[in-house]
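Colleague: Could you walk me through how to read this one? I'd like the general idea of each feature, then the case at hand.

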Amino acid sequence: MIDEAVRRLESAAAERRPCAPVRDLLGREDVAAAYAVQRELTARRLAGGAVVTGRKIGLTAPAVQRQLGVDQPDFGILFADMDVSGVAGRVPVSRLLQPKVEAEIAFVLGADLDADGLDAAAVRSAVAYAAPALEIVDSRVADWDITITDTVADNASSGLYVLGAERLPLGAFEPRETTMRMYADDVLVSEGDGAACLGDPLNALAWLARTAREYGDPLRAGQVVLSGALGPMAVVAPGVTVRAEISGLGTVTAAFTDSADPARPTASA
């Protein structure tokens with residue numbers, strides 16, 4: 001069943017055609033099996049030359065959990081070709097299937113998080129700096145008809161991400177106290193705050209650090225960790241420019257284009 005779920009999701013990404021949910025193969029609540037699928041898909045990408053840049057945390061905001069009908073966080077793998085920050089925030093919608101966008105905090109680690117008994121102080125001290133971020137989530141499952149097993153197996157419904165230019169150490173701002181407003185072509189489409197992310201984005205990072213270690217693949221220095229949404233996700237379309245303002249941290253902008261520029265680096269779903 002795991003092999004069949006891998007084939008289904010891999011084919012959907014390769015053929016650019018959303019597939020049926022994989023919960024018929026894995027069950028609705030077998031998270032361990034779903035992560036087994038995710039690990040196999042990751043191994044195949046690594047074998048093809050992909051490079052891991054970090055992790056994303058998903059389903060941390062109650063509003064997003066309500067949108068997707070789940071009740072716990074998850075995580076996925078970030079790859080180098082998912083980072084479109086270096087192309088002036090241009091997001092090639094043609095590389096995605098069903099994109100939506102979330103405003104988040106990106107933590108960049110200055111130290112490994114692989115020790116026993118990771119507490120709040122250890123997690124905080126491991127962060128080199130934070131940056132405002134947009135995560136462009138995507139689903140290989142048709143119509144976003146997902147349960148927790150569907151999204152976990154599908155690399156936590158990952159797509160692309162954009163990091164803003166600001167870089168601040170945690171001593172310069174408090175993630176829990178930030179407020180977020182996200183605009184699409186200057187129309188407010190989402191708002192929230194740091195407390196919407198598991199009570200504190202650093203709580204989300206601590207959860208991921210412990211969970212990743214339990215799965216035998218701890219977080220490492222230099223990796224980027226996307227905190228999870230600070231408010232509801234929003235649907236996007238080509239031609240739209242999205243801007244997120246995160247108080248105390250800065251602004252991040254992404255322009256959604258209807259085709260990839262062959263002169264620039266591109267990213268895959």
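**Reading the model**

Colleague: Let's begin with contacts. What share of the contacts between residues at least 6 apart in sequence join residues at least 24 apart?

Modeller: A contact means heavy atoms within 4.5 Å. In this protein chain, 76% of the contacts between residues at least 6 apart in sequence join residues at least 24 apart. Keep in mind that this is a predicted model, where local features need pLDDT of at least 70 and side-chain atom pairs count only at pLDDT 80 or more, while totals for chains, interfaces and linings use all residues. Residues are numbered from 1 along each chain as its sequence is written, and side-chain values use heavy atoms, with hydrogens and water left out.

Colleague: How many helices and strands does the protein chain have?

Modeller: Those are DSSP runs, numbered from the N terminus: helices are H or I with at least four residues, strands are E with at least two. Here you get 7 helices and 12 strands. The radius of gyration is 17 Å, close to the 18 Å of the globule rule for 269 residues, so the chain is as compact as a globular protein of that length. That radius is taken over C-alpha atoms, and the rule is 2.2 Å times the number of residues to the power 0.38. The C-alpha trace spans about 45 × 45 × 35 Å along its principal axes.

Colleague: And what percentage of the residues count as buried?

Modeller: Buried is under 20% relative accessible area, exposed is over 50%, and partly exposed is in between (1.4 Å probe, protein chains only). Of the 269 residues, 55% count as buried.

Colleague: Give me a buried example. Where is serine 190?

Modeller: Serine 190 sits in strand β8, residues 187–193. Its relative accessible area is 4%, so serine 190 counts as buried. Beyond residues up to four places away in sequence, serine 190 touches Met180, Arg181, Met182, Gly231 and Pro232. A polar atom of its side chain lies 2.7 Å from the backbone oxygen of proline 232.

Colleague: Now backbone angles. Which value does phi of aspartate 143 take?

Modeller: Phi of aspartate 143 is near 60 degrees, a positive value in a residue other than glycine. Aspartate 143 is in the loop between β5 (127–137) and α6 (148–153), and is exposed at 70% relative accessible area. Aspartate 186 also has a positive phi, near 70 degrees. You'll find aspartate 186 in the loop between β7 (179–184) and β8, exposed at 59% relative accessibility.

Colleague: Which residues does arginine 220 contact, leaving aside its neighbours within four places in sequence?

Modeller: Arginine 220 is in contact with Leu109, Ala111, Asp112 and Asp114. For polar contacts, look for a pair of N or O atoms within 3.5 Å; within protein, one must be able to donate a hydrogen and the other to accept it, and residues adjacent in sequence count only if both atoms are side-chain atoms. The side chains of arginine 220 and aspartate 112 make one at 3.2 Å. Arginine 220 lies in the loop between α7 (201–214) and β9 (224–226) and is partly exposed, at 34% relative accessible area.

Colleague: What about arginine 95: where is it found?

Modeller: Arginine 95 is in the loop between β3 (90–92) and β4 (100–109), partly exposed at 30% relative accessibility.
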